[in-house]
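These are my notebook entries on one chain, kept in the order in which I looked things up.

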Amino acid sequence: MTTTAAEPASATRRALSRMGNALQGRDFRIWFYGQLTSASGGLAQGVAMSWMILELTHNAVWLTVQTACAWGPTLLLGPWAGALVDRSDRRRLLMVTQSLMMAVSVLLALIAAFGGIRLWVLLVLATCTGLITTVDSPARQVFVVDLVGSGAVASAVGLWEVALNASRVIGPSIAGALLATSGPAFCFAFNALAYTAPMIALIKLRPAGGAPRRGPAGGPKAKAREGLSYAWRSPLIRGLLPMSAASGLIFAMGLTLPPLVSYALHRGGGGYGLLMAAFGVGGLPGALLAAAAPEPTPRRVRTLALATSVAILATALSPNIYVAVVGLAAVGLTSIWFIATANTLAQLRSAPEMRGRVMSLWGSAMTGTLPITGLAVTFVAQHVDARIGFSLSGAALLLATLAAWRALRPAD
């Protein structure tokens with residue numbers, strides 16, 4: 001009896017130890033806290049920009065245009081950005097990208113403060129942000145490996161999802177308060193200020209693995225083609241990328257959730273905020289479970305993807321707001337656990353010299369395709385049925401998982 005009782009306690013201690021693996025390193029702790037601040041600021045800015053576009057146009061279609069400006073560069077330029085990440089010093093590259101992000105936020109704050117906001121200005125600056133993010137996002141993901149090493153990647157990615165989900169609550173809450181009391185200029189200024197924390201972290205950090213890697217000679221086009229060819233030759237990466245594309249819609253709640261709330265559940269902004277909070281609250285334990293898990297396996301990714309699909313389809317059928325809250329919490333739990341596990345698996349199963357390009361393709365699939373998939377989903381939600389529109393992300397993930405079934409079948 002003693003041995004049996006001790007086994008769960010021992011398993012819990014091992015899980016907690018794995019969860020804290022990344023945080024044991026001073027460098028990652030500094031980076032982690034800086035990214036929590038930065039992510040909150042980025043979401044506050046996104047809320048303010050979307051609100052201003054609606055105020056200027058009174059037409060939700062322009063939100064899809066904004067999405068195309070913000071994420072279109074990732075789809076078009078992702079392979080070249082990944083090649084740049086692979087051959088660059090990631091710390092220095094991030095200092096450049098984060099500085100540029102801060103500059104865009106400062107510019108937005110100044111323009112908003114002095115009454116110069118126009119639709120074309122917002123779209124141009126959204127495009128600038130998208131261009132910077134195309135390089136910044138894969139650089140941040142590979143930089144985590146530089147900081148913690150391959151042995152703690154699962155912990156680091158899981159903890160990053162913890163920070164991201166916390167920011168989904170913190171950022172929009174701050175944005176709402178600032179919009180109500182001070183105006184959008186203060187949201188943009190808050191985001192600019194939030195970049196000081198990661199900038200200080202980057203100045204202090206000196207990761208051993210961040211130096212550029214020397215590879216065979218070749219120009220940017222050749223390097224980008226190498227990344228595409230590598231992803232195609234790897235059955236696992238080739239199977240994971242469509243799953244990443246399908247999951248992008250899950251995290252674009254600003255496109256898929258409002259029609260469900262308004263047209264199907266007949267609620268207003270309060271209901272939308274409640275469901276967004278439910279998704280964030282559910283995502284926190286999902287991120288912690290990902291951080292506490294042992295090295296991810298294809299079979300685990302497959303199981304979590306199926307669970308996420310079921311949770312989305314069930315939420316789409318919710319008869320009222322109360323059932324939808326439970327459903328969105330379940331979606332948050334399963335989807336964050338799934339995406340953190342799949343992201344870690346993609347990084348660990350990629351050759352080190354290809355990791356930047358693989359992560360760039362991952363971002364291209366997840367967010368770069370949103371201008372296309374988001375338009376399709378919003379069209380269905382608006383003109384066919386809001387529940388069907390919301391369920392499309394779950395159906396797409398289910399189909400992508402079934403297509404990748406053989407690649408995700410290796411034994412644990």
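Entry 1, terms and source. I call a residue buried under 20% relative accessible area, exposed over 50% and partly exposed in between, with a 1.4 Å probe and protein chains only. The model is predicted, and I therefore kept local features only at pLDDT of at least 70 and side-chain atom pairs only at pLDDT 80 or more, while totals for chains, interfaces and linings use all residues. Residues are numbered from 1 along each chain as its sequence is written, and side-chain values use heavy atoms, with hydrogens and water left out.

I took helices (H or I, at least four residues) and strands (E, at least two) as DSSP runs, numbered from the N terminus, and the chain gave 17 helices and zero strands. Of its 412 residues, 52% count as buried. Taking a contact as heavy atoms within 4.5 Å, I looked at pairs at least 6 apart in sequence, and 86% of these contacts join residues at least 24 apart. For the accessible surface I used the Shrake-Rupley method with a 1.4 Å probe, where for residues only the protein chains shown count as cover; the total for the chain is about 17,700 Å², and 68% of that belongs to carbon and sulfur atoms.

Entry 3, salt bridges. I counted a salt bridge where a side-chain nitrogen of Lys or Arg is within 4 Å of a carboxyl oxygen of Asp or Glu, and the structure holds three of them. In one, D86 pairs with R357, with the closest N and O atoms 2.7 Å apart. D86 lies in helix α3 and R357 in helix α15 (residues 355-368), so this pair ties together parts that are 271 residues apart in sequence.

E226 is partly exposed, with a relative accessible area of 27%. I noted D86, E226 and R357 as linked in a network of salt bridges.

The side chains of D136 and R140 meet in another salt bridge, at 2.8 Å from N to O. Both residues lie in helix α5 (residues 119-148), four residues apart, which is about one turn of the helix. D136 counts as buried at 2% relative accessibility, and R140 is buried with a relative accessible area of 18%.

Entry 4, nonpolar surface. For patches I used residues with over 30% relative accessible area and no salt bridge, joining like charges within 9 Å and nonpolar side chains (Val, Leu, Ile, Met, Phe, Trp, Tyr) within 5 Å. L75, L76, L77, W80, L131 and I372 make a nonpolar patch of about 570 Å². Which helix gives the most residues to this patch? Helix α3 (residues 61-86) does, with four. I372 lies in helix α16 (residues 370-383) and counts as exposed, at 56% relative accessibility.

S309 is found in helix α13 (residues 298-316) and is buried, with a relative accessible area of 1%. Leaving out residues up to four places away in sequence, I found that S309 touches G394, L397 and L398. G239, in helix α10 (residues 235-248), is buried with a relative accessible area of 11%. Its C-alpha is 7.7 Å from that of A400, although G239 and A400 are 161 residues apart in sequence.

Most residues other than glycine have a negative phi. H266 sits in the loop between α11 and α12 (269-292) and counts as exposed, at 61% relative accessibility.
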